[in-house]
Amino acid sequence: MTRAPMSSPADLLGRAETAVRLSGTDPGLALAEARAVLALTGRPGPAGAYGEAVSVALRAAALAARELGDLELAGERLAEAVAAGRGFPRRVAQARMSLVTVRAQLGDPEGGLRLADLAERDLAGTDLARLGVQRSVALILLGRHEEAVRHCDRAIGLLGDDPRFHAGGLLNRGLAHTYLERYGESEADLAACARVARSAGLDHVAMLAEGNLPFVAARRGDVATSFARYRAAEAAMFGFPERLATMRTDFAEALVAARLPGEARTLLEQAVPELVAAGAQAAVPGARLLLAQAALLAGDTALAETTAGTALAELDAQGRTAWLPLAREVVLRARLARVTAAGSGTHDDLSALVTELIACADDLAGSGWPGAAAALRLTAAAAAVRLGVVTRARAQLDLVATGATRPLVRWHAAAMRHHLDGDLDRALAAAARGIDTLRETPHGTVPGSPPDAESRVHAARTAEDLAEFGREIALERAARTGDARTVLEWAERCRAVVRGAAPAFRAPAAPPAGAGILVELVRHGDDLFAVTAGQDGCALRALGSYQAAVEATVRIRYGLRRRALRDTTADAGARPAGAGEAVAQELSALDHVLLSGPGTLACAGGPPGAPVTIVPTGALCTLPWPLLPSLRGRPVSVAADAAAWLAPRQEPAAAPVVLSVAGPGLDHAAAEADMVAAAHAGARRVGATRAEVLHALERADVLHVAAHGMFAPRGPMLSRITLDDGPLMAYDLLTVRRIPRLVVLSACDAGMAHAPVDGAALGLAGAFLDRAARSGVAGCVVAGVVPVRDDEAPALMTLFHTLLAEGRSPAEALARASEKTAVPGFVCFGAGDVPFRAG
């Protein structure tokens, strides 16, 4: 029997080096080739004469495992490659070089840098350039972005013949530029990376580059583009769960900074399990911490506390001490919010919590998070004041006043100190000075120093906290002086800060001509107030419990949903029976609490039946306000702020351009769209593709959409309208250059919104109105906030458009049409009482 000849060490080394090169383009084949080399060398067992080939083959197997998403196996194989390469310093150094990134991604970036220092001794030429690219990964994870850019700058020029590392250097530099807010450089690097990678067959690297484009766009503040890029990248990355999870995490980080916690949470709840399954230990705790921050911003304190606690344990196990205070902060904030909301906890429990808050603030400052430390000191001081421990509060405020770098934070501390002294006027003046800094720098950040994502989140939270503190002082002051005007101005400041706008609202001495009555709801804790403005000036009314009003709203909505499902035949306006009677009773009782009982409308003055603009708070934005007895038959507009009330009431000079759309799957859609076209002179129906509807939005003064809508409560910007070629997303509306004065969404629930904080009502209606405001249009959206029967919507809409064509305002036309058809559930959002020129 003849034995096959043994391969020489040189032959096996050549095959191993081929496997290394293949690991980037075909990791499965590379892994098979590496295993074949190892089998021929007699592995397992002493490497002997084949030591160099064994080391290179093990490195190839590790690189293939890394590309296939198994970081732990990659780390094991590289450690074996280091051991097998003894006697071959360059091979050991190459294995250590590859281990730098793996070690960093396994949660030990500092250890990765130590390996890089060891490897550097025995590397030269292009290997040193490759090491610079690997080192940049660890530096980015540590937040040392300028250093990462410098290493990539030196490496990229030397790697023209190595497309894998050339593309990797461009990718890493692009990410570092993003964190440094150099978005033009970032997008240029990512685009170049994709080109280099695709030309070399490195499709997975190209996908990584393209997968970071949503992150860049969201960090830049271009939310619409970020979602569109995410949708494209998600489709391209299908089948690569670890990379898709990483992209979702990065994108979610930018969404949290952009104050879209619901959308971020939706992504992170997909990403975290995928990262765990892939063994991406370095990424898991960061993703969990981000999920906890998103949950806290969205008001889910239970999820925030448990998730941050898990992240804290994982970060501690990985030795990432600088991140521990950030996770502990979320745990403590969630616990404080829960205790405060429930009114539970003994004095000793709360005192211990204040102690923990102060200790965490100290740790944040010591770990390089000064913005987070200052924000938490303000929170600790406020908690200490509630406990009556003024000395501890003053000590924290003194630290903030002398040590904080952000002007807004220092003014916040000054306002709190004046408040402790009992000087409400000086406290309000200091708070106003702090808010005024937003005109100079977004959210009061330090000029010239681009914040990272954590700083963005804490800066935004601090700006909102200061505005809310000013509103709280204004309420306290009004209880002594009756000054409702100042409460209204501070309520509007709060709403402006949430939108990222520089607050400029001043309550007018008299309402604009034809503006009617403004009712703006304000809450402090569970206390609900109404500020009214009208012909008789401003007035403040206490309305009772906010939570009780929310619970009544839930019951009303449930009853109306039953009606739409034909569980009851009575409507909410006729003499009801059964469930319909219960809804009518709930509406009457809530009306007594909010409007009729405290004389909310009467104190504002104005003629009977005058238009009313409601600016709700929190979950009360989902109440079908026109159904309240005091508002029946009156033109009612529901708005996110008082700007709609202040909008000019001049009638447009030209006849409106009216267009209608009929979406798929809705029995009455075509007939309804044709009815709209017939009701207005020159009106016509257009196609129902995404492109056609987006084009119609930019041409029309009135656009009526008869199509199914879906509200996404946990990610309002993911709400959608179903069209012939797919969904039109709420975020798509942010790209439109012009929005019609009036948009009518006749499908059920299309007007539903979610308001995590006042001023940020989101959803389809909110997206339309926000885009209209940014394009200088006093926009209006008519939409349903509860399901409407398919056979009822056309009757209501026919009469609505008839009245609109006669020259009625949208709010007046809706009020009259709702009364005559007894179809409930539609609301006029935005500037609904602006006169409308007849067609």
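**Two helix pairs to visit**

Select helix α5 and helix α7: R90, Q94, M97, S98, V100, T101, A104 and Q105 in α5 meet D127, R130, L131, Q134, R135, V137, A138 and L141 in α7. Contact here means heavy atoms within 4.5 Å. By class, this contact of α5 with α7 holds seven nonpolar, five polar and four charged residues. (Ala, Val, Leu, Ile, Met, Phe, Trp, Tyr, Cys and Pro count as nonpolar; Asp, Glu, Lys and Arg as charged; the others, Gly among them, as polar.)

You are looking at a predicted model, where local features need pLDDT of at least 70, side-chain atom pairs count only at pLDDT 80 or more, and totals for chains, interfaces and linings use all residues. Residues are numbered from 1 along each chain as its sequence is written, and side-chain values use heavy atoms, with hydrogens and water left out.

Now show α5 (residues 89-105) and α7 (residues 126-141) whole: their axes lie 8 Å apart, at an angle of about 20°. So α5 is roughly parallel to α7 (angles under 35 degrees count as roughly parallel, over 145 as roughly antiparallel). Helices are DSSP runs (H or I, at least four residues), numbered from the N terminus. Axes are lines fitted to C-alpha atoms over the stretch in contact, and angles run from 0 to 180 degrees between N-to-C directions.

Next, select α9 (residues 163-179) and α10 (residues 183-199). Their axes come within 8 Å and cross at roughly 160°. That makes α9 roughly antiparallel to α10. The contact of α9 with α10 has 10 nonpolar, five polar and three charged residues. Color the α9 side, including L170 and R173, and the α10 side, including D189 and V196.

Terms used
Parallel < 35°, antiparallel > 145°, perpendicular 65-115°, else oblique.
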